[in-house]
Every structure is written in C-alpha cells, then in structure tokens.
Amino acid sequence: MCGIVGYVGNKQAAPILLEGLSKLEYRGYDSAGVAVRDGEKAAVVVKTTGRLKNLSEKIDNGKALAGTCGIGHTRWATHGVPSRENAHPHVSGNCTGSGSGEVESLVVGVHNGIIENYQELKAKMERHGYVFYSQTDTEVLIKLVDYYYKKYQGGPIDALAKTIVRVRGSYALAVMFKDHPGKIFAARKDSPMIIGKNDSEVFLASDVPAILNHTRDVYYIGNLEMAELSPKEVSFYNLDGDKVQKEVTTIEWDAEAAEKGGFEHFMMKEIHEQPKVTMDTLKKYIKDDGKKKHIDFSDFGLTKEDIEGFSQIYIAACGSAWHVGMQAQYVMEELTDIPVRVELASEFRYRKNKLNKNALVIVISQSGETADSLAALRLAKENGIKTLSIVNVVGSSIARETDYCMYTVAGPEISVATTKAYSCQLICAFLLAVEMGKVKGLIDDKKYAYYIEELLSIPSKIEACLENKERIQWFASKYSNARDIFFIGRGIDYAICLEGSLKMKEISYIHSEAYAAGELKHGTISLIEDGTLVVGSLTQADLYEKTLSNMMECKSRGAYLMGITTFGKYDVEDSVNFAVYIPKVDEHFVGNLAIIPLQLLGYYISVSRGLDVDKPRNLAKSVTVE
Ligand code: F6R
C-alpha cells in the first residue's frame with residue numbers, strides 16, 4: 001500500500017523524507033514524490049515513477065530541495081495507472097504537465113487509502129470550476145479541502161473536519177497550506193499513520209520504522225481525528241475542532257531490528273528470527289510461579305469467566321493469517337470442544353451471518369490494518385459479539401478496536417511475505433486453545449503441563465529445522481524452473497500446505513496449489529505431468545498412510561515427490577524422492593516446524609530465479625484497501 005511521510009523541524013526536510021520513504025519500501029509502490037516548502041515560499045513538488053531511487057537521483061538525494069517542512073509519498077496504484085500525473089503529492093490549484101515543480105496552490109497533499117465516493121465528489125468539484133489533471137481519488141480529496149477552506153474560512157482544521165464528514169472511505173492524509181508555512185496538517189480514518197516527536201522536530205509516517213532513526217516517542221492518531229504539526233509542537237483535534245489530549249507511546253524495539261542484520265534479504269533474516277520471536281511470544285503468556293507453569297492472559301484481560309461463556313468461535317483473517325486460522329480451527333475444536341468456523345475476512349464481512357451471540361470472533365492480523373479484517377471485527381462488534389485479535393503492530397487499528405488484543409512479539413516484519421509473524425500467530429492460537437481446553441475442563445493438570453512444555457520446546461526445534469537449510473537450497477536449485485507445484489496434506493497438514501503454497505507463489509511466481517490430499521482425484525490430478533513437483537506434508541500419524549497413498553497416485557502419473565515428516569519416519573524414503581525431517585513435537589503444534597522447510601523452499605527458489613524476494617511484484621505489506 002502507499003507510504004506517507006512528513007517532516008517539520010530545523011533540518012533540511014527532503015533527505016529525511018527520502019530516508020523515511022525508504023523504510024516504507026516494503027509496503028510496495030510504483031511511483032514516489034515529495035513536496036517541500038522553504039519558509040514562506042510556495043511548495044516545490046517532485047514526482048517520479050518506478051523505484052524510490054529515481055526520485056532520490058532527481059533531487060540529488062534530497063540536497064537539491066531547500067526547506068525544513070515537507071511531505072512525501074510512495075504510491076501503490078488503485079485509481080489510475082502508475083504515472084507522474086497520478087503520483088502524489090497532489091495540488092488543489094490548476095497545473096500543467098505532471099504537477100511537478102514550484103506550485104502556488106493553496107493546498108498540497110498526500111494520501112493513503114481509498115475515497116469511495118470520489119466520483120460524486122469530483123463531479124461536484126467540477127461544477128465549482130475545479131480542473132483535474134490526474135485520475136486519482138486523492139486529487140479530489142485535496143481539492144475538497146481547498147474548497148471548504150475557501151468557502152468557510154475557518155482555517156485548516158475546520159476545512160479538514162468538513163472534508164472528513166463529506167468523504168466515505170479510508171484515508172491517512174497529510175497536507176500543507178500555503179497560508180501556514182512551517183506546518184503540516186493531518187487527518188486519519190482506517191489507514192495507518194503515526195506521529196513522532198523529539199525536542200525540535202515532528203515526524204509523520206505510515207509506520208514506525210520510517211521515523212525510528214529520529215525518535216522513539218510516537219502518538220497514535222485516532223479515527224476521525226486531525227493533527228497540526230509544527231517544529232516543536234503537535235496538537236490533536238476531534239471532528240468538532242476541540243483539542244484532544246494524547247499519551248506518548250515509547251517504541252521499545254530499535255531501528256536495527258528493522259535492518260537486514262547481515263542477511264541478504266529481510267525474509268531470510270525474519271525466517272532466522274523465528275526461534276527468538278516464538279520464544280518471546282511464549283514468554284509473554286506463560287508464567288512460572290516457581291511451582292508450575294501456567295498460561296496467563298491477564299495482559300489483555302481475558303478471564304476464565306469470559307472463556308466459560310463462549311459457545312462458538314469464529315476466526316476471520318486474510319492470506320497467511322487466514323492460514324493460521326485454518327490450523328487453529330483443527331487444534332481449537334479438538335482441545336476445547338467449541339465449534340470453530342474460519343472465514344476469509346473479505347467473505348465474512350459481506351455474508352448475511354447468523355452469528356451466535358455467545359461467540360468469540362478472533363481476528364488475526366500482522367499489520368492490524370488490513371481493511372477486510374478490520375471490517376470483520378467491526379461487524380462482530382456491531383452484532384454485540386466479543387472480539388479478540390491476534391496482532392503484531394502495537395497500537396494498530398485492529399489492536400485498538402478489539403475487546404481483547406493478544407499481541408504477537410514478532411517485532412517489525414519488513415519482508416512482504418510473512419514468516420515470523422505467521423509463526424507467532426500460530427503460537428498465540430495454540431496458547432488460546434490449550435487455555436480454553438483447560439478452562440472447559442477437557443485438559444487435566446498433567447496434560448496441561450505437557451502441552452506447555454511442548455509449546456516451550458518449539459523455538460529450539462525451529463532452530464533444528466533451520467540447520468537443514470543447505471539441503472533445501474540444493475533441492476530448490478533443481479526446481480527453480482518448475483511450472484506448477486502442488487502441496488498436499490490432510491487436516492492440519494492441509495492447513496500447513498496452504499501456507500507453503502502461498503509462500504511459493506507469492507515470491508517465486510511459480511503457479512502452485514494447496515490441495516486437501518483426498519480431493520486430488522476429484523479433478524486436480526489431471527494436472528499432474530511428468531516431473532511435476534508434489535510436496536506432501538505428512539506430520540499427522542493417523543493420516544500419514546492416507547496422504548502417502550495420494551502422493552503415490554501422483555508419482556505413478558509422473559510426479560516427483562518431496563515429503564515432510566518427523567525424524568524416525570524413515571520408511572517415507574521408500575515412496576518419496578526427497579525427504580525432509582522435522583523434530584517431533586505434539587502433533588497439534590507441528591505447524592510451527594513443518595512450515596520452516598516450506599518457507600525456505602519458497603525463498604531459495606525465488607533467489608535462484610533472481611527475483612525481488614522482499615518486494616514481490618504487485619504485492620503490498622499492509623493491505624488497507626478492500
Ligand atoms: C503473505 C502475506 C499476506 C498477509 C495478509 C494479511 O505472505 O503476508 O497474505 O498475511 O495480507 O495481512 P495482515 O496479517 O497484516 O492482516
């Protein structure tokens with residue numbers, strides 16, 4: 001999605017804006033731009049298509065633009081093709097060419113999100129004589145701010161408030177007004193934006209890494225709130241224009257956590273962080289009172305009484321987080337006896353649900369900003385149903401709006417393809433399953449202690465899986481030209497395959513499918529040809545033989561088989577061509593281990609194809625539009 005930055009202080013703004021935008025590159029983008037003001041002078045706007053380095057080169061790494069107040073943007077096209085005209089910043093006045101250069105416009109702004117009623121608003125603005133030079137919804141937004149500013153003459157906050165009331169959709173908006181040099185004004189609804197401050201500077205960004213080199217003190221601007229930024233001060237306002245007091249949050253993790261730390265790609269670094277971050281997440285919720293260990297959810301206020309009241313669980317999420325939900329479904333239902341239903345958030349939000357009032361809706365999201373997941377959460381709340389979120393980004397919208405927020409402790413995840421956040425989400429789901437099973441009386445003390453020890457053993461076992469990486473690298477080099485890859489498994493193994501297949505296709509661009517192994521012969525098996533790679537996940541003892549038979553059916557039609565199973569199951573080599581072994585762990589929790597070779601396989605195939613592993617084409621890290 002788009003990335004936004006803003007700076008007002010005593011230093012040259014443009015290099016700081018570029019540095020901030022580079023930290024948001026992971027969000028995916030196709031063009032970039034900045035607008036900088038030098039004192040009272042009009043804003044200078046510079047925009048380029050393609051990578052950020054094109055913009056950096058054009059303005060000599062920022063040195064060519066004088067001024068200490070500015071805004072910047074990386075665009076991920078939604079309305080209109082990637083072009084200089086459609087790139088941000090946009091201006092309120094008429095302009096020629098692509099809207100670059102010195103602009104005398106009253107309002108200059110950048111926006112992340114989608115304005116749903118932009119066509120209706122555009123028609124209105126055209127009737128008022130405004131001329132549009134781009135196809136974007138953002139230009140409509142900027143011109144609307146200009147219109148209300150001139151019409152009511154109530155100042156920037158009043159103009160923003162009137163605009164917010166008029167638009168439908170989501171936005172993180174940052175604007176500069178010609179009449180207010182040295183200031184940035186911002187407004188937000190449903191799109192991420194944070195504001196950071198130190199003694200002499202104020203920063204604005206879509207995400208924390210963009211400002212971490214300058215400050216750790218951030219404010220979270222709420223929905224339908226506005227902010228006024230000047231070098232030493234930041235004020236927040238509600239829709240009535242009244243000031244709102246905000247607490248500063250200090251970011252605990254440091255900028256280094258968001259750097260590559262010696263690895264070639266963020267994805268590889270994040271794969272290797274999994275032993276640590278899964279342990280950090282376990283330690284957050286497992287307490288040891290000296291005599292015995294127990295799971296403790298007091299951190300987010302989920303009580304025994306709450307759990308006793310739940311008679312149904314719904315899980316809503318997108319992408320990999322939905323895959324966590326798929327796995328959690330098997331584990332939770334078995335350990336708690338509570339029926340669990342998992343749905344893609346984008347479906348859940350539009351289905352005419354007959355939701356059980358005693359249900360718990362669990363929303364899983366790394367970013368905490370995914371538009372569909374947020375909408376699913378709100379739908380549950382409108383229906384009076386309790387909500388629990390499993391979220392990584394502290395202070396994100398989903399985290400703030402949910403009744404119970406169970407944070408994962410994955411740290412900043414930069415690579416677009418999730419790895420460590422996925423693993424931490426699984427850990428949270430397993431902790432919930434075990435504790436709920438205990439409260440429901442289905443897990444006795446002995447079994448409870450056993451499950452806790454098994455969970456605590458996961459981090460070192462992930463470490464052991466990583467030691468095998470050279471074998472996977474070798475195997476990946478053989479299959480880097482594959483046309484199709486199939487991932488098959490049953491039950492929990494099927495859920496693992498869903499994630500393995502997504503990792504493969506999103507970063508290697510090789511077509512792949514995850515199939516419930518028993519479903520293959522109902523159609524898909526016709527796609528198996530000589531040499532097609534079929535990866536089977538074989539971690540569940542009672543389903544092992546069944547999935548292996550399905551793999552053999554593929555082999556007899558020419559497939560090449562890779563099998564993942566636990567150490568000791570060496571007979572698998574009688575059937576498969578390439579076997580990968582993972583350490584033994586309680587079968588409910590095996591997903592945390594079986595996914596490691598699949599993450600590595602996707603990674604190495606992508607590298608051997610020479611692709612951009614961390615920023616795969618067409619994808620964005622945080623999907624704040626539906
Ligand atoms: C895939 C991936 C995506 C996300 C999905 C949800 O590697 O990262 O499928 O899992 O876009 O994002 P969050 O978890 O931020 O809601």
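In the predicted model, Glu228 is buried, because its relative accessible area of 16% falls under the 20% limit. This residue is placed in strand β13 (residues 225-230), and its side chain meets that of Lys183 in a salt bridge, with an N to O distance of 2.7 Å. Lys183 belongs to the loop between β8 (169-177) and β9 (184-189). The two partners are 45 residues apart, and the pair thus links distant parts of the chain. In contrast to the buried Glu228, Lys183 counts as partly exposed, at 24% relative accessibility.

The Lys183 and Glu228 pair is a salt bridge in a model where the count of such contacts comes to 28. Side chains of opposite charge can pair when their charged atoms come close.

A further salt bridge is formed by Glu401 and Arg378, whose closest N and O atoms are 2.7 Å apart. Glu401 lies in helix α12 (residues 397-401) and Arg378 in helix α11 (residues 371-382), so that parts 23 residues apart in sequence are tied together by the pair. Arg378 has a relative accessible area of 23% and is therefore partly exposed. Glu401 and Arg378 also take part in a network of salt bridges, in which they are linked with Lys189 and Asp190.

Between Glu529 and Arg483, a salt bridge is found with the closest N and O atoms 3.5 Å apart. Both residues are located in loops: Glu529 in the loop between β25 (511-516) and β26 (533-537), and Arg483 in the loop between α15 (469-478) and β24 (484-489). Because of these positions, the pair ties together parts that are 46 residues apart in sequence. With a relative accessible area of 41%, Glu529 is partly exposed. Arg483 is exposed, because its relative accessible area of 58% is over the 50% limit.

Apart from the charged pairs, a nonpolar patch was identified on the surface, formed by Val165, Leu224 and Leu239. Together these residues have about 240 Å² of accessible area. Val165 is placed in helix α5 (residues 156-166). At 61% relative accessibility, Val165 counts as exposed, since exposed residues are those over 50%.

Key:
Residues numbered from 1 in each chain as written. Predicted model: local features only at pLDDT ≥ 70, side-chain atom pairs only at ≥ 80, totals over all residues. Heavy atoms only, no water. Salt bridge = Lys/Arg side-chain N within 4 Å of Asp/Glu carboxyl O. Helix = DSSP H or I, 4+ residues; strand = E, 2+ residues; numbered from the N terminus. Buried < 20%, exposed > 50% of the residue type's maximum accessible area, 1.4 Å probe, protein only. Patch = residues over 30% accessible without salt bridge, like charges linked within 9 Å, V, L, I, M, F, W, Y side chains within 5 Å. Areas by Shrake-Rupley, 256 points an atom, 1.4 Å probe, with all protein chains shown as cover.
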